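Thank you all for coming; I would like to take a few minutes to walk through one model with you. Please have the sequence and the structure open while I talk.

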Amino acid sequence: MNAKLNRVGVVIAAAAAATFTLAPPASAEGSWSSYISNWRGGDESRRWTDNHSDGASTTVSFSGCDFHGPSSVTLELDHVRDLLPDVSHGQRSNSCNTSSWGEVGKAQFYFIYIGSTRLDVSSVTTRY
């Protein structure tokens, strides 16, 4: 009888644990959408403010890309500092998909194109 009870208890505990792992991902605090036309290396996106009111990752998604040669491009996420040099949160490769920098904190941000070819993207969506 104890063996049956233990197996049932284990099954119930496992089922309860599974329900906690099915929680939906955190929704983004904000987002914006645009396009890119004829960018060159060093061109930067619009700026946005992340108030860090959630746990969402900062992501940049591309679709409808023309990288004019390469199969991917490099993007760098920077945060703005008044009267000081801006701070880089690192570079990510984007091959017409989504690049993520994780949760980056409270600041004003932009991304910059690191490359030597032209860049055209019909749909850019940034979530933060």
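**A tryptophan and its surroundings**

I begin with Trp 48, which counts as buried because its relative accessibility is 2%, under the 20% limit that the term requires. Please keep in mind throughout that what you see is a predicted model.

The search over the whole structure returns six aromatic pairs. In one of them, the ring centres of Trp 32 and Trp 48 are 5.9 Å apart and the planes stand at 50 degrees, so this pair is classed as tilted. Because Trp 32 sits in strand β1 and Trp 48 in strand β2, the pair ties together parts that are 16 residues apart in sequence. Trp 32, for its part, is counted as buried because its relative accessibility is 7%.

A second tilted pair is made by Trp 39 and Phe 111, with 5.9 Å from centre to centre and 50 degrees between the planes. This one links distant parts of the chain, since Trp 39 lies in strand β1 and Phe 111 in strand β7, 72 residues apart. Both Trp 39 and Phe 111 are buried. Through ring pairs, a cluster is formed from Trp 32, Trp 39, Trp 48, Phe 62, Phe 109, Phe 111 and Tyr 128.

Let me turn to β7 itself. Six of its eight residues are buried, so the strand is largely enclosed by the rest of the structure. Strand β2, residues 48-50, pairs with β7 in the antiparallel sense over three bridges, and within β7 it is Phe 109 that stands opposite Trp 48. Strand β4 also runs antiparallel to β7, and six bridges join the two; Thr 74, for instance, has Ile 114 in β7 as its bridge partner.

Which residues have the most contacts inside the largest nonpolar core? They are Ile 36, Phe 62, Phe 111, Leu 119 and Val 124, in a core of 20 residues. At least two core residues come from each of β1 (31-39), β3 (59-66), β4 (73-79), β7 (107-114) and β8 (119-127), and the largest share, four residues, is supplied by β7. If we leave aside residues up to four places away in sequence, Val 124 touches, among others, Trp 32, Ile 36, Val 60, Phe 62 and Phe 111.

Of its 128 residues, 32% count as buried, and among contacts between residues at least 6 apart in sequence, 77% join residues at least 24 apart.

Finally, two backbone details in loops. His 68, in the loop between β3 and β4, has a positive phi of about 55 degrees although it is not a glycine, and with a relative accessibility of 29% it counts as partly exposed. Leu 83, which lies in the loop between β4 and β5 (87-94), likewise is a residue other than glycine with a positive phi, near 65 degrees. Leu 83 is exposed, its relative accessible area being 90%.

Definitions and conventions
Residues are numbered from 1 along each chain as its sequence is written. This is a predicted model: local features need pLDDT of at least 70, side-chain atom pairs count only at pLDDT 80 or more; totals for chains, interfaces and linings use all residues. Side-chain values use heavy atoms; hydrogens and water are left out. A nonpolar core is a set of buried Ala, Val, Leu, Ile, Met, Phe, Trp, Tyr and Cys residues joined through side-chain atoms within 4.5 Å. Buried means under 20% relative accessible area, exposed over 50%, partly exposed in between (1.4 Å probe, protein chains only). Contact means heavy atoms within 4.5 Å. Two strands pair if DSSP finds at least two bridges between them. Rings of Phe, Tyr and Trp (its six-membered ring) pair if their centres lie within 6.5 Å; planes under 30 degrees apart count as stacked, over 60 as edge-to-face and the rest as tilted.
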